[in-house]
Amino acid sequence: MRTSDPCRTIPVGRDAQTANRVADLAARRAYGRLLASLCQRTCDVAAAEDALADAFAIALHRWAEQGVPDSPEAWLLQVARRKLVDSVRRAETRKTYEPDAVRVIEALTMVQSPGQLADHRLALLFTCAHPAIDPSVRTPLMLQTVLGLEAARIASVFLVSTSAMAQRLVRAKTKIKAAGIPFVVPEPDVWPVRLDAVLSAIYAAYTAGWNWGGDGSADLADEAEWLARLVCEFLPETAEAHALVALILYCESRRPARTGAYVPLSDQDTDQWDQARIEEADTHLRTAARLGPPGRYQFEAAIQSVHADRQRTGQTNWSALLAIYDALCVEAPSLGAEIARAAVLLEARGPIEALKALDALPSEKVGSHAPYWATRAHALKRGNDMASAHEAFGNAIALTPESPARGYLEHQRDQCFS
Amino acid sequence: MRYMITIHEHEEDFAARNNPDLAPAYWATWHAYFANEVAAADPNQTGAALQDPATATTIRGTTIQDGPFADSKEQLGGFFIVDVENLDVALKLAAKCPACEKGGVEVRPVLPVPS
């Protein structure tokens, strides 16, 4: 066993490149764990981020000259902690208003000693998705604090300016500190609500930037998959955590089949689907089914598993899909689920039933919803009402940003000569 | 941390205070909440209940006017200031407030005034 004395160094690779590479690796592997340790007792995310950034900057310089320490993470934590204590003391001597300076310094000295890094990332996830935090900033906050993503990257995925995103993140961190939102894993009695908020935020990361079959370069699929696995690792007895991992894995298994031009699910070549991912998803879904009563993610994962079965059987079991959608629309009703159910109705029972289901949706909500118009257009086309289908495709296209998906809709519309 | 829990009562709750049929239950609920929850969370808590919003007088600029600040179905009915560990503890306490059923409460950290 190697001791983790942060002062011991690995004598190889004393050059800037190695230092860069090791610092980069440590950053990606350990960022969230280090940040969670630093802010766990102070509730000050921004100060912890600054201290950690300083520590990484020093590491790049120092490791290039003196070699990489035996335990890079412990080294970074020690330096960051010192920076944090320094900044609190400086604020104190400047008489900057810092009400809890003494408490903060006390708390910092209680941070675990290097080498015994406890993992507080689950608490960090719960803090980011706290009900007192604006839901729209929970996902960005997670991506930044747990994965160390830069505001610019997050902003590009959520289609807002970097400065707007940075501002939202700063506001959220200020709220955490000022309102005293604790960095703790809540008691299991409030999990149904609190854990759902964590999973929703991760799912939002997965769907952000997905925009109907883009090429995947601008989305956060890998990050979301990683976060979902992290929750699963922490809470292996939680059905919905396994279900979310299964859901993401099923969707990701089809990535190879949807690069370049938009290919709808029903036209995808199942040989291109990632067999290993599907099998892993199956395992997680079975675990979820064993652990608890089905929730939203278990239904959604089950839907994807029915689609994945086409790789094995060559056909889609539409009546099974319809039954799961019926259950989903009761368990977690949403406009998206109702529209997807109508699309399944189209295959299972034909255009009349599908249009009837679409007509039943509240018109004030669906009017500006592209998937509604696209589903409606497909049903009308199937029912040979080409003029109405042409118009509905037109509405869908007008609501869809420039993307491979829009190209697909345009092609569909052009087949409906009106 | 110190938090102020402001209680925004529904007009029906204000009316219940002066209704002989409803007043006993109204006050019993509040007394129980205060004794079992608020005082239990922080024995040194402070706070007060306020009289009917119709008794309020508002000043904006130099204009003095009859009535509370905003004309809405929920009005400030009282407040507590408690010193508890963190926001989760304060929220748990606030969620049990009798006003939540028809009205609502706001939980805000108290600003420690620089000396």
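Analyst: In chain A, helix α15 (residues 318–331) and helix α16 (residues 335–349) have axes that come within 9 Å and cross at roughly 155 degrees. Helices here are DSSP runs of H or I, at least four residues long, numbered from the N terminus. Axes are lines fitted to C-alpha atoms over the stretch in contact, with angles from 0 to 180 degrees between N-to-C directions. The angle makes α15(A) roughly antiparallel to α16(A), a term for angles over 145 degrees. Their crossing is left-handed: the near helix is turned anticlockwise from the far one by less than a right angle.

This is a predicted model: local features need pLDDT of at least 70, side-chain atom pairs count only at pLDDT 80 or more, and totals for chains, interfaces and linings use all residues. Residues are numbered from 1 along each chain as its sequence is written, while chains are lettered from A and ligands numbered from 1 in the order in which they are written.

Now the residues. From α15(A), the contact includes Trp318(A), Leu322(A) and Tyr325(A). From α16(A), it includes Ala337(A), Arg341(A) and Val344(A). Contact means C-beta atoms, placed from the backbone, within 7 Å. By class, the contact of α15(A) with α16(A) has eleven nonpolar, one polar and three charged residues. Nonpolar covers Ala, Val, Leu, Ile, Met, Phe, Trp, Tyr, Cys and Pro; charged covers Asp, Glu, Lys and Arg; the others, Gly among them, are polar.

Elsewhere, Ile202(A) touches Ala224(A), Leu227(A), Ala228(A), Val231(A) and Leu244(A), leaving aside residues up to four places away in sequence.

Note on methods
Two residues are in contact if their C-beta atoms, placed from the backbone, lie within 7 Å. Helices (H or I, at least four residues) and strands (E, at least two) are DSSP runs, numbered from the N terminus. Angles under 35 degrees count as roughly parallel, over 145 as roughly antiparallel, 65 to 115 as roughly perpendicular and the rest as oblique.
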